[in-house]
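Please read it beside the sequence and the coordinates.

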Protein chains: 2
Amino acid sequence: MRATLMYAAGDVRVEDVPDASIANPTDALVRVTRSCICGSDLWPYKSHAGDAMRMGHEFIGVVEDVGAEVSTVKKGDVVVAPFVASDGSCVFCREGLQTSCKNVAFWGMGGNDGGQGEAVCVPHADGTLVVLDVPADDALMPSLLTLSDVFSTGHHAAVSARVEPGKVVAVVGDGAVGLCGVMAAKRLGAEQIILLGRHEDRTNLGREFGATDVVAVRGKEAVAEVEGLTGGDGVHCVMECVGEEASFATATEIVRPGGTIGRVGVPQFKAMAGARPTFLHNVTVAGGIAPARAYIEELLPDVLEGRLQPGRVFDRTVALEETADGYRAMSDREAIKVLIA
Amino acid sequence: MRATLMYAAGDVRVEDVPDASIANPTDALVRVTRSCICGSDLWPYKSHAGDAMRMGHEFIGVVEDVGAEVSTVKKGDVVVAPFVASDGSCVFCREGLQTSCKNVAFWGMGGNDGGQGEAVCVPHADGTLVVLDVPADDALMPSLLTLSDVFSTGHHAAVSARVEPGKVVAVVGDGAVGLCGVMAAKRLGAEQIILLGRHEDRTNLGREFGATDVVAVRGKEAVAEVEGLTGGDGVHCVMECVGEEASFATATEIVRPGGTIGRVGVPQFKAMAGARPTFLHNVTVAGGIAPARAYIEELLPDVLEGRLQPGRVFDRTVALEETADGYRAMSDREAIKVLIA
């Protein structure tokens, strides 16, 4: 079968790989119908060295076969996979933190297939997959695919930042996660949503998703603008959707005393800035890798019933064989997020 | 009047200073009857350079006079002061985060008197002071004095770490705050309380306060022992009561996925370790400087009615003129915490 590999920074290829197949009785074989490129895929696209890696961790597909012990999905089911596979039964899965599953598996790692390919062997199929009660070619597919990662991650930023009705919120980053984060903050009732981003096409979509204000500068200028928008107090909730040292530092500077930073940008740094300022003002730093498996079921009704269209973050579609061009387009910021279909 | 000054690292003197007096109509003049030395006073005791500083931020006393606009305390009242003065009326005070008061004042700074002296002019007396309905020489005074900082701070560590019934808790540090933290964790219903500390006299008191286990090693050995005590999962709640880089790092290594670190040790470092590991396991870092003013009223009944004796952390008493020796004794770890009476 064909699948996407990252050979080195900037070197993405679609090649022949061994056919996906069931190895364990808890596996399911899924024929991929939609996948996409993640902002986090751009980190290795900028820096990868070493062995070639299988890519892709967001996908929707149709079940082709299941192992003998699989009971919740069956051949022909349309399923969405969260960006981490989990057994569904360990203590962390039962607590809704499937990303810390004792049998956690990451797509493309440890011998697992990646989502950017023709098919995937899904480990722990019962714990991992969620069945979608729609046809495989339904018009909702782009929005449903965002549940796999980007919308669940934006939602996690909002939940971690303790967004609730009446709160003043800032979203740091106008990538697809930040934009989905705006939508998630609005969904949870935020009163004011300040989007920090410098790409007008993106922040315009952010306004459509619910941003009430846009701050199109960085660093100290951004901090001053947020102060101006919040009577000098800062925001209750910061949703940090980038993961760079500077963006995290900005988060610590715009948060209100007693406020919370929900961080979902994969940290590209070892230590978190602002130990003393956040201490002095009792700022909480929460968040991390989103337990999408827990959120898919929570967010699914809003997508299925058409109340939310997070799939609007996809502004380009490529065929599997054109995936390398999709990476290039996202890296060059020609596209917010690229669908592979 | 006489008061304590820090001239330089290791150089503490009790000297004549201008008499405390009312300057503003919202002030109260308090004759100090009990004060004490804080673990945080040991940071400048190790490193202070520059101008001499007035010391002390924990005290109980008797009101001698009040300004014209003071309405909640009167001459003759026995009062406890939290370690930060606050106006009681700004948005942060109303939210219970008096340490971020818009008119916050710190004892010994900005021209304010320190608590380690004969008297203190208390700014924002209505917002700051809490009246104690007991005689000034009551036997409960040591425990009541802990509400000013050390017990409130231990409680803040427990609240910030989300301690509640059934939780497995670790307290990092066997200083007075850590020991009070053990008591606070037990008060909030923790199921297991692991105290990390290497001073047997202190950890023995910690056991009396409620610690179920003691880990008397540091670093990787401590992490391994906590793993052994928690079935390999780590603890739900870490109460970081030291503030050193190594103790914070240990906190990030013993916390369970999805768990919370409540930090109350004043950070002696700029950036918080473990950005990626805490991200991967959705660990929350909360806490900071304790809003003691909010907690005094919450904790007061347990102390007044004798259910808790946090004053047991005082294992030495000195007269005001002997304060320098009190600092030395705490710095040399001869005493856990020194009462000045």
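Two strands count as paired if DSSP finds at least two bridges between them. Helices (H or I, at least four residues) and strands (E, at least two) are DSSP runs, numbered from the N terminus. The model is predicted, so local features need pLDDT of at least 70, side-chain atom pairs count only at pLDDT 80 or more, and totals for chains, interfaces and linings use all residues. Residues are numbered from 1 along each chain as its sequence is written, and chains are lettered from A and ligands numbered from 1 in the order in which they are written.

**Sheet and packing helix**

- In chain A, 3 strands form an open antiparallel sheet with the order β2-β1-β4.
- β2 (11–16) and β4 (53–54) of chain A are the edge strands; each has a single partner strand, so one side of each lacks a neighbour in the sheet.
- Strand β1 (residues 2–8) of chain A is joined to β4(A) by 2 bridges, and the two run antiparallel.
- Opposite L5(A) stands R54(A), in β4(A).
- Helix α12 (residues 323–331) of chain A packs on this sheet and touches β1 and β2 of chain A, its direction making about 160 degrees with that of β2(A).
- For such angles, axes are lines fitted to C-alpha atoms, for helices over the stretch in contact, and values run from 0 to 180 degrees between N-to-C directions.

**Contact between chains**

- Contact means that the C-beta atoms of two residues, placed from the backbone, lie within 7 Å; 28 residues of chain A meet 27 residues of chain B in this way.
- On the side of chain A that touches chain B, β15 (255–263), α10 (275–280) and β16 (284–287) of chain A each supply at least two residues.
- α10(A) gives the most to that side, with 5 residues.

**Relation of the copies**

- Superposed by least squares on the C-alpha atoms of residues with pLDDT of at least 70 in both, chain A can be laid on chain B with an RMSD of 0.0 Å by a turn of 180 degrees and a shift of 0.0 Å along the axis.
- The two copies are therefore related as by a two-fold rotation axis.
- The same surface serves both copies, as 96% of the contact residues of chain A recur in chain B.

- R333(A), which is not a glycine, has a positive phi near 60 degrees and is found in the loop between α12 and β18 (337–340) of chain A.
- R333(A) counts as exposed (12 or fewer other C-beta atoms, placed from the backbone, within 10 Å of its own), because 12 C-beta neighbours lie inside 10 Å.
- N282(B), also not a glycine, has a positive phi of about 50 degrees; N282(B) lies in the loop between α10 (275–280) and β16 (284–287) of chain B.
- N282(B) counts as buried (20 or more such atoms), because 23 C-beta neighbours lie inside 10 Å.
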